[in-house]
Amino acid sequence: MQKNITIAPSIMCADLCNLEKSVREIEEAGLDTLHIDIIDGAFSPSMPLGINTIEQLRQITDMKFDVHIMANTNEFFIQEMLRIGVEQITFHIETSFHTDRYVNLIKKHNTRVGIALNPATPLSVLDYVLPQCDTVLLMLINPGFATDKGEKQVTYAAKKVEDLSKMIQSQGLDTKIEVDGRVSLDTISTLVRAGADILVAGSTSLFERSNRLKDNKIFMESLIAEGLNEEATING
Ligand code: DX5
Ligand code: ZN
């Protein structure tokens, strides 16, 4: 049975001066998940969305909120997202002293939990916590630099996805692989073939300015199908 690949539009890449209009356009395109980046300005020199913005977004849509926390003080933002009510909370292991505690705190609130890794962070940090993760988010650019057009996807993106996929399969887990950062029309089929399940769609795919969002979605879906066919051929 073919895998189900989720397209998660990164709302920080939408028109932040017309957020509700952007959300409606995403809903009308038939997408059901929003990737919401919270960056504290310290973890990375960026701060696209605030807590109150997310709180107000929660009031206007039933889409699934896939929250990606990029912060030095994870617990505060985790508690705020639990208060607002979101479907998945992902935090970075690089700034977590108490990773196991945060994972349990999120799971206790019947919320999916993800751990995020910066590009250079080795997969071995997941050795003892992977079985508790619903999702592992692999950053494929240095976080917080989405708006810096000079920031390119790391050269080892597909290899890292492949290595994580093997790690998950070897443990018989159902953990999903989320890829975030320049998940572009050029890289989607390779990342899906490597094992990606959730594609954070930003400035180089869904919000690629030269086409309409709904046309970009159609392009993405054909590239996803291509990647799945190639993966099926490789894995038999
Ligand atoms: C960290 C963010 C971005 C964003 C996607 O900066 O997580 O990766 O969601 O940005 P693109 O797809 O435009 O690189
Ligand atoms: Zn993100």
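Predicted model: local features only at pLDDT ≥ 70, side-chain atom pairs only at ≥ 80, totals over all residues.
Residues are numbered from 1 along each chain as its sequence is written, chains are lettered from A and ligands numbered from 1 in the order in which they are written, and side-chain values use heavy atoms, with hydrogens and water left out.

**View 1. Helix α1 against helix α2.** Helices here are DSSP runs (H or I, at least four residues), as strands are (E, at least two), numbered from the N terminus. Helix α1, residues 19–28, packs on α2 at an angle of about 45°, and their axes are 11 Å apart; the axes are lines fitted to C-alpha atoms, for helices over the stretch in contact, and angles run from 0 to 180 degrees between N-to-C directions. This angle makes α1 oblique to α2, given that angles under 35 degrees count as roughly parallel, over 145 as roughly antiparallel, 65 to 115 as roughly perpendicular and the rest as oblique. From α1, Leu19, Glu20, Val23 and Arg24 meet Thr53, Leu57 and Ile60 of α2, where contact means heavy atoms within 4.5 Å. The residues of this contact comprise 4 nonpolar, 1 polar and 2 charged; Ala, Val, Leu, Ile, Met, Phe, Trp, Tyr, Cys and Pro count as nonpolar, Asp, Glu, Lys and Arg as charged, and the others, Gly among them, as polar.

**View 2. Helix α2 against helix α3.** Helix α2 (residues 51–60) and helix α3 (residues 74–84) have axes 10 Å apart and pack at an angle of about 20°, which makes α2 roughly parallel to α3. On the α2 side the contact is made by Ile51, Ile54, Glu55 and Arg58, and on the α3 side by Phe76, Phe77, Glu80, Met81, Arg83 and Ile84. Sorted by class, the residues of this contact are 6 nonpolar, no polar and 4 charged.

**View 3. Helix α3 against helix α4.** The angle between α3 and α4 is about 5°, with their axes 11 Å apart, and the two helices are therefore roughly parallel to each other. Asn74, Glu75, Ile78, Gln79 and Leu82 of α3 meet Arg101, Tyr102, Leu105 and Ile106 of α4. This contact has 5 nonpolar, 2 polar and 2 charged residues.

**View 4. Helix α7 and its buried residues.** With 23 residues (213–235), α7 reaches 32 Å from its first C-alpha to its last, close to the 33 Å expected at 1.5 Å a residue, the expected span being 1.5 Å times one less than the number of residues. Among the buried residues of α7 are Leu213, Met220, Leu223, Gly227 and Glu231, where buried means under 20% relative accessible area, exposed over 50% and partly exposed in between (1.4 Å probe, protein chains only). The elements that cover the buried residues include β1 (6–9), α1, α6 and β8 (198–201). Just after α7, Gly236 takes a positive phi of about 75°.

**View 5. Two loop residues with positive phi.** Asn110, in the loop between α4 (99–108) and β5 (112–117), has a positive phi of about 50° although it is not a glycine, and Asn110 is exposed, with a relative accessible area of 76%. Arg182, in the loop between β7 (176–180) and α6 (188–194), is likewise a residue other than glycine with a positive phi, near 55°, but Arg182 counts as buried at 12% relative accessibility.
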